Amino acid sequence: DEPLAAPLDNTYIILFASYTTYYNFVEKNPTGNELDFVHRMRRQPTQRTPTRFYDGYSHAKYNTPTRAWENWFCESETSPGNDHYACTTFLSDWYDSSKHSYSTQVTSDPIKGRSLHASQDIAEGSYVLPYDSYLSLSLDRNQWNELEDFIEMHPDAQMFTDLRDFFVAYGFGVNSYGTTGWSVSFTNNTFTNHACTKESALVRPIAELYTDAEGRDILFSPILQRRARTMNQLVVAVRDVMAEEEILMDYSPFHDADDEEYTAFLQSICETGVGLIPVQEEMGEVDVDGGDDALPS
């Protein structure tokens, strides 16, 4: 019943004893939520379902705050977020279509295989291929673990191994604001190569969304919670990008900082230019996405 709970009468803080309970709570697949609900609730003799209003399908709504929470977070005098970058800058920029750029093309490279380039000039601060999370395939942590177990039980089912390897080669791990597991996109963004130096990275994630004015991590934000998948894959141009420049980004955030095997892999990329994707002897012609007119339908 505290004022900070507005616009609702109450708010609840949930603490998780382990990552397993967290992964179950934030699972986005309603069938997974429902089956977990079935296994954990006792059947009641006086009604058809164990509860009156709550089940696995209604639970899915808990992972996404309403727009009312977002408005409160940015506009209320008692809110901790009215001076956060997400409120002061991001929302107005995100809803400005002139700051969205789709001006990219994919070209063949004898060592890298494919590389992403600007097909037109891209202004500093533009969101580059912002529909990336919309055109993506995702497996949450529970689904990923089940896929790994399935492959172990059926090693001769090669296409499932190929599916796992495809996600590893082209995708990236996600684990923030209720998203878990692996994602892979089928936009030109998937051909963005690793930047071996800070100066060569022309796009980056929007790190300022995740810290406040004092540099502290933001632990609660309806804006980020509502757009978790978007934020996982959204990148911004760090400077003006000229047409035909190769667009690179730092791969380091894709894995934990203490993952020594992955760090060694990035070092190998910088030394040889070779990644996980085998380079075909004959690559296709340049693939241009059509510039800023190629908006998602």
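Student: Where does L276 lie?
Tutor: L276 sits in the loop between α10 (260-272) and β12 (287-288). Helices (H or I, at least four residues) and strands (E, at least two) are DSSP runs, numbered from the N terminus. This is a predicted model: local features need pLDDT of at least 70, side-chain atom pairs count only at pLDDT 80 or more, and totals for chains, interfaces and linings use all residues. Residues are numbered from 1 along each chain as its sequence is written, and side-chain values use heavy atoms, leaving out hydrogens and water.

Student: What does L276 touch, leaving out residues up to four places away in sequence?
Tutor: V168, A169 and F265, where contact means heavy atoms within 4.5 Å.

Student: OK, helix α7. Which of its residues are buried?
Tutor: T161, R164 and F167. Buried means under 20% relative accessible area, exposed over 50%, partly exposed in between (1.4 Å probe, protein chains only).

Student: And what covers them?
Tutor: The cover includes β5 (136-139), α6 (141-153), β6 (172-176) and β7 (179-185).

Student: Switching topic: how many disulfides?
Tutor: Two, counting a pair of cysteine sulfur atoms within 2.5 Å as a disulfide. C74 pairs with C87, sulfurs 2.1 Å apart. That pair links helix α4 (residues 67-75) to helix α5 (residues 85-94), 13 residues apart.

Student: Are C74 and C87 buried or exposed?
Tutor: Both C74 and C87 are buried.

Student: Which cysteine does C196 join?
Tutor: C270, with S to S at 2.1 Å. The torsion about that S-S bond is about -105°, so the disulfide is left-handed.
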